[in-house]
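These are my notebook entries on a single chain model. I record below what I looked up, entry by entry.

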Amino acid sequence: MAENIEIEFKNLLTEQEFNQLRTRFNLCDAQFTSQTNHYFDTEQFSLKSHNSALRIREKNGQYEFTLKQPLQTGEGLLETNQMLTSEQANQALTAGIIPTGEVSDKLQHLIPAQLSLRYFGQLTTVRAETNYQEGLLVLDKSSYLDQTDFELEYEVSDYEEGCNYFDQLLSTEQIPKRQTANKVERFFSKMKERIEQN
């Protein structure tokens, strides 16, 4: 089973701060690549109630099915990943047919059998990555539901060490530390806001 533990720190940025960090780390246009996340949940938001998220990530013509669940320690996420064919991805997106495998096995423990998954929409990210201290620094510009936001992520293997490096970078660059929800939470929050306005 393709599982890994994800420990990352994140901070929303202004466009000016995003460009400031681009310059600081010498990131040119050619270093940015595009990827699209397609998000799923039940009508009752069963996954959200478990602080979990389900997506298909489309990147470079490949499709990766990922379930993210919180670790009991509260210091990261457990990711279960499964590669899909374009046909499997298309069936999930258009007909709600979830492919069998590692991800669906885990979903059975989170979602009652009588509930079906629904595709809610997509978020496209233009991303650049660079090594920084003991981890991977990521600059993201994401577009979804007529919204664009900018974000700094820092992926590490050690929580305490990563936290210190991340805080030092924000302090050095004079970027305020902001409470930052993850992408799927921001997507669903914006979607809920739009539904309430209509």
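**Second largest pocket**

I began with the lining of the second largest pocket, which divides into 7 nonpolar, 4 polar and no charged residues. The model is a predicted one, and I read every entry with that in mind. I then noted the volume of the second largest pocket, about 250 Å³. Its lining consists of Gly96, Ile98, Ser104, Leu107, Gln108, Ile111, Pro112, Ala113, Leu115, Ser116 and Leu117.

**Helix α3**

Gly96 from that lining also follows α3, and I found its phi to be positive, near 70°. I next asked which residues of helix α3 (residues 86-95) are buried. They are Ala89, Ala92 and Leu93. Viewed down the axis of α3, these buried residues fall within an arc of 90°, so they line one face of the helix. On the other side of α3, I listed Glu87, Thr94 and Ala95 as exposed. I also looked up what covers the buried residues of α3, and the cover includes β2 (33-42), β3 (53-59), β4 (62-70), β5 (77-84) and β6 (117-132).

**Gln62**

Strand β4 contains Gln62. With neighbours within four places in sequence left aside, I found Gln62 in contact with Arg57 and Met83.

Most residues other than glycine have a negative phi. I therefore noted two residues, Gln133 and Leu145, under this heading. Gln133 has a positive phi near 50°. I located Gln133 in the loop between β6 and β7 (135-144), and its relative accessible area of 45% makes it partly exposed. Leu145 is not a glycine either, yet its phi is positive at about 50°. I placed Leu145 in the loop between β7 and β8 (147-156). At 23% relative accessibility, Leu145 counts as partly exposed, because the buried class is kept for values under 20%.

**Cysteines**

How many disulfides does the count give? I applied the rule that a pair of cysteine sulfur atoms must lie within 2.5 Å, and the count came to 0 disulfides. I then looked up the accessibility of two cysteines. Cys28 is partly exposed, with a relative accessible area of 40%, whereas Cys163 is buried, with a relative accessible area of 18%.

Key:
Residues numbered from 1 in each chain as written. Predicted model: local features only at pLDDT ≥ 70, side-chain atom pairs only at ≥ 80, totals over all residues. Heavy atoms only, no water. Buried < 20%, exposed > 50% of the residue type's maximum accessible area, 1.4 Å probe, protein only. 1 Å grid on protein atoms, 1.4 Å probe; cavity = no way out; pocket = protein on both sides within 12 Å on 5 of 7 lines; lining within 4 Å. Points joined across faces, edges and corners; volume = space filled by probe spheres on them. Nonpolar A, V, L, I, M, F, W, Y, C, P; charged D, E, K, R; others polar. Helix = DSSP H or I, 4+ residues; strand = E, 2+ residues; numbered from the N terminus. Arc of directions from axis to C-beta. Contact = heavy atoms within 4.5 Å.
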